[in-house]
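Subject: Structure handover

Hello,

I am passing on the structure you will be working with. Please open it first; my notes on what was found follow below.

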Amino acid sequence: MSKSLLLRTSLSSLRLLGNSSSIPFSISSLLSLLPPPPHQGLGLRIVLPYNYKLVARPYSSHVAAAAAAASSCSSSESESDVNDDLSKVEHLLSNPDDVARLMKMERRRDHNGNANADGGRSRWFPYLDEFRCGAQCLNSGEVLEALSPHIMEVRKDKFRNVVTNRTYSLCLVVEGLCDFGNVSATFRSADALGFQSVHVVSCDSKKYRDNRHVSMGAEKWLDIELWSSIHECFQVLKSRGYRIATTHVGMDAVSIYDMDWSHPTAIVVGNENRGISDEALELSDLHCSIPMKGMVDSFNVSVAAGILMHHAVCDRTSRLGCHGDLTSKESQILLAEFSLRHSKSALSIAHEYAKRKAAMCTPKL
């Protein structure tokens, strides 16, 4: 009958099975598997069946060294992962061309909304059903066919669920933020709440270094557009059919709870110290504010952005029945886009598929 030894610390639990009434290994060898406790006062509690006989060796220096080495290795790997993530986001924010290359499917070159059946214009969708592979082109269905065998089912389910709840009817604009931890936090909130489009205006990417990891990699899945001026950004957004709503505490500000968020809207948040610029306030269609119930008269900018986006999602769900509003064709295109962003090998796999497709279509002489 197997008997068990259970080691418990504040950091981990380890269950080991043995086949005899004596323990064929030393406690020191087990301790070497565990990281050292973070505080001096924390110890190790060993729970044994009543008939176990235990003789523990002293906690030797080599055990301490092994534990320290394991902890150092883990800390080093964690720091390395964070630094990699930080470098990616800093590079994106300082290189507009690389931001554009992050988006794989072909994008619309005009800035007008999609055509309705009656010839009018509706909400904006940025992608064409086309992925270029050199001289060849794949549509979204072919991209998915090429990449599907290389993506786990659980990941594909995640993609489908995310796309179902995505929209371009709302987008977020961050203007002139100094604390780039706030930029990262707004990226993360936008992704979590189903916003696909984020615009960054006049950001100094050099200040981003200390806080980029706050985004948790959300920038990989968002459509990020960088602008050098608020005038250029607003002009394009208006041509895409968005109304511009700037956050501002003023007499003419409308409560976010009195707004209809089912209309295509660009939510603009501004600098932590100066707020929205005068130019942005003048060019916007309306000013909105979050009613305050306390002594302070403002939220942290990333908190304000999160509240605004969350309320907009709730309002849209109440009015429309759901937040996500992509058509089946748009959903398929965005699924293809996510699949292409999924891994570094995705592009080469799609290119190989395109080559095979071209070879099959070439007539033999």
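A crossing is called left-handed if the near helix is turned anticlockwise from the far one by less than a right angle, and right-handed if clockwise. Helices (H or I, at least four residues) and strands (E, at least two) are DSSP runs, numbered from the N terminus.

Before the rest, a note on the source. This is a predicted model, in which local features need pLDDT of at least 70 and side-chain atom pairs count only at pLDDT 80 or more, while totals for chains, interfaces and linings use all residues. Residues are numbered from 1 along each chain as its sequence is written, and side-chain values use heavy atoms, with hydrogens and water left out.

The chain as a whole

The protein chain has 11 helices and 12 strands. Of its 365 residues, 42% are buried; buried means under 20% relative accessible area, exposed over 50%, and partly exposed in between (1.4 Å probe, protein chains only). Taking contacts in the protein chain between residues at least 6 apart in sequence, 77% join residues at least 24 apart. Contact here means heavy atoms within 4.5 Å.

Helix α4 and its two partners

Two packed helices are described by the angle between their axes and the distance between the axes. Axes are lines fitted to C-alpha atoms, for helices over the stretch in contact, and angles run from 0 to 180 degrees between N-to-C directions. Angles under 35 degrees count as roughly parallel, over 145 as roughly antiparallel, 65 to 115 as roughly perpendicular and the rest as oblique.

The axes of α4 and helix α10 (residues 328-341) come within 9 Å and cross at roughly 40°, which makes α4 oblique to α10. On the α4 side the contact is made by S140, G141, V143, L144 and L147, and on the α10 side by K329, Q332, I333, L335, A336, S339 and L340. By class, the contact of α4 with α10 has seven nonpolar, four polar and one charged residues. In this count Ala, Val, Leu, Ile, Met, Phe, Trp, Tyr, Cys and Pro are nonpolar, Asp, Glu, Lys and Arg are charged, and the others, Gly among them, are polar.

Helix α4 (residues 140-147) also meets helix α11 (residues 346-361): their axes come within 9 Å and cross at roughly 110°. The two are therefore roughly perpendicular to each other, and their crossing is right-handed. E142, E145, A146 and L147 of α4 make this contact with A346, I349, A350, Y353 and K357 of α11. It has six nonpolar, no polar and three charged residues.

Helix α11 itself has 16 residues and reaches 23 Å from its first C-alpha to its last, close to the 22 Å expected at 1.5 Å a residue. The expected span of a helix is 1.5 Å times one less than its number of residues. The buried residues of α11 are A346, I349, A350, Y353, A354 and A358, and they pack against β4 (131-133), β5 (136-138), α4 and α10.

The 13 residues of helix α6 (residues 180-192) should span 18 Å at 1.5 Å a residue, and the end C-alpha atoms are 18 Å apart, which agrees. Its buried residues are F180, G181, N182, V183, S184, A185, T186, F187 and A190. After α6 comes G194, whose phi is positive, near 90°.

α6 packs with helix α9 (residues 301-320) at an angle of about 15°, with their axes 9 Å apart. That makes α6 roughly parallel to α9, and the crossing is right-handed. N182, A185, T186, S189 and A190 in α6 meet V301, S302, A305 and M309 in α9. This contact has five nonpolar, four polar and no charged residues.

Single residues

S255 lies in strand β10 (residues 254-255) and is buried, with a relative accessible area of 16%. Leaving aside its neighbours within four places in sequence, S255 is in contact with S289 and P291.

D258 is found in the loop between β10 and β11 (265-269) and is exposed, with a relative accessible area of 63%.

L320 is found in helix α9 and is partly exposed, at a relative accessible area of 48%.

Regards
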